[in-house]
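Please read it with the structure open.

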Amino acid sequence: MKHAFQALPGHTGRARPVVDLVVEGLELAPQACLLDTGASEIRMGRHVAELAGIDLGDTHDQIVVAGLQTTGHPASVQLELRQGKESHTWAPTVYFCDPWPWAFGLLGLGGLDPFLITLDAYEEWVELHPLHR
Amino acid sequence: MPETSPKTVTIAKRRFELRADRVERALRQALPEPIKSHYVVIGQRRYPPKQAISLLTGLDRADFTTHQARRILTGLGFPAGRRSGQAEAKAPGSSRRHRTPAVRPRPSAETLEPFVGQWVATKDADVLVAAPDPRTVVGWLAEHHQQADSMFRVPSDELQASGAAPW
């Protein structure tokens with residue numbers, strides 16, 4: 001499944017490798033997530049869980065994202081990656097964080113386990129091949 | 001927008017006095033409906049011409065045509081356009097080469113420019129809706145039975161874009 005980078009306006013540098021993840025319960029608005037091999041887990045804003053009706057329970061961890069301390073609520077959530085007629089669904093742990101001042105969610109290594117990834121920064125695309133393991 | 005001179009128009013046999021600055025102010029609180037084809041740009045947002053004229057005049061949309069609405073609004077100085085088809089969509093990025101086939105287009109940096117700091121839902125190369133908070137964006141998608149390709153906040157700086165450092 002090949003995805004174009006997302007270009008950004010103004011002084012935000014070059015286009016970013018972003019993929020859109022369908023979060024269960026929020027199918028009409030796939031969440032743009034920055035592919036981040038420097039991050040260990042999948043992290044999204046807490047608002048995503050609220051919009052999707054995901055119960056976060058009481059468990060939470062204090063975590064640091066890019067130097068900012070935030071509270072992450074882990075939840076096992078079904079995610080789907082779509083591209084045309086292709087689709088891959090899996091259920092990783094996602095940390096829903098508050099505060100979350102970033103523009104995108106983060107698709108860290110924990111979210112990349114089911115995929116083989118090819119990234120072409122020059123041509124500005126990333127391709128994720130589901131491995132079904 | 002500075003104060004502008006009024007323009008008298010006749011729609012459905014009724015006369016209205018419209019001013020560009022007041023049009024912009026009146027539509028500020030109204031989220032644009034989905035664009036099917038034609039749009040006018042008012043306050044950096046794309047509105048279906050009939051929605052704009054209906055909101056401004058209180059007239060039923062059956063009382064006038066899209067082209068009539070478009071002509072009135074462009075006469076007030078608002079730019080108009082037609083939604084781009086997929087074939088016309090700009091490739092992502094600005095300076096890089098794109099030989100990659102079968103990649104869904106995304107909005108260009110220029111398309112996103114008016115929405116810096118806002119949450120957007122996008123489809124192909126277009127912005128479907130923009131709002132200050134994600135709940136409004138999702139509410140709009142549900143209300144108008146729209147399916148987005150992607151939802152995110154248009155970053156205002158490098159830090160928001162990459163999460164490279166705390167704010």
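**Notes on the predicted complex**

1. The C-alpha centres of domain 1 and domain 2 of chain B are 22 Å apart. The domain assignment places domain 1 of chain B at 15-82 and domain 2 of chain B at 90-155; such bounds come from an automatic or database domain assignment. Five residues from domain 1 of chain B and eight residues from domain 2 of chain B make up the contact, where two residues are in contact if their C-beta atoms, placed from the backbone, lie within 7 Å. On the side of domain 1 of chain B that touches domain 2 of chain B there are two nonpolar residues, one polar and two charged. Here Ala, Val, Leu, Ile, Met, Phe, Trp, Tyr, Cys and Pro count as nonpolar, Asp, Glu, Lys and Arg as charged, and the others, Gly among them, as polar.

2. This is a predicted model, in which local features need pLDDT of at least 70 and side-chain atom pairs count only at pLDDT 80 or more, while totals for chains, interfaces and linings use all residues. Residues are numbered from 1 along each chain as its sequence is written, and chains are lettered from A and ligands numbered from 1 in the order in which they are written.

3. Chain B has an average pLDDT of 84, and 84% of its residues score at least 70; pLDDT is the predictor's confidence in each residue, from 0 to 100. In residues 86-95 of chain B the pLDDT falls below 50, and this stretch has 25 contacts in the model beyond near neighbours in sequence. For the complex, the predictor gives an ipTM of 0.91 and a pTM of 0.78.

4. Between the chains, 44 residues of chain B are in contact with 35 residues of chain A. On the chain B side, α4 (109-112), α5 (134-143), β8 (150-153) and α6 (158-162) each give two or more residues. Helices (H or I, at least four residues) and strands (E, at least two) are DSSP runs, numbered from the N terminus. The largest share, six residues, comes from α5(B). By class, the side of chain B that touches chain A has 23 nonpolar, ten polar and eleven charged residues.

5. In chain A, three strands form an open antiparallel sheet in the order β1-β12-β11; two strands pair if DSSP finds at least two bridges between them. β1 (2-4) and β11 (115-120) of chain A are at the edges with a single partner strand each, so one side of each has no neighbour in the sheet. β1(A) is joined to β12 (residues 125-130) of chain A by three bridges, and A:K2 has A:E127 in β12(A) as its bridge partner.
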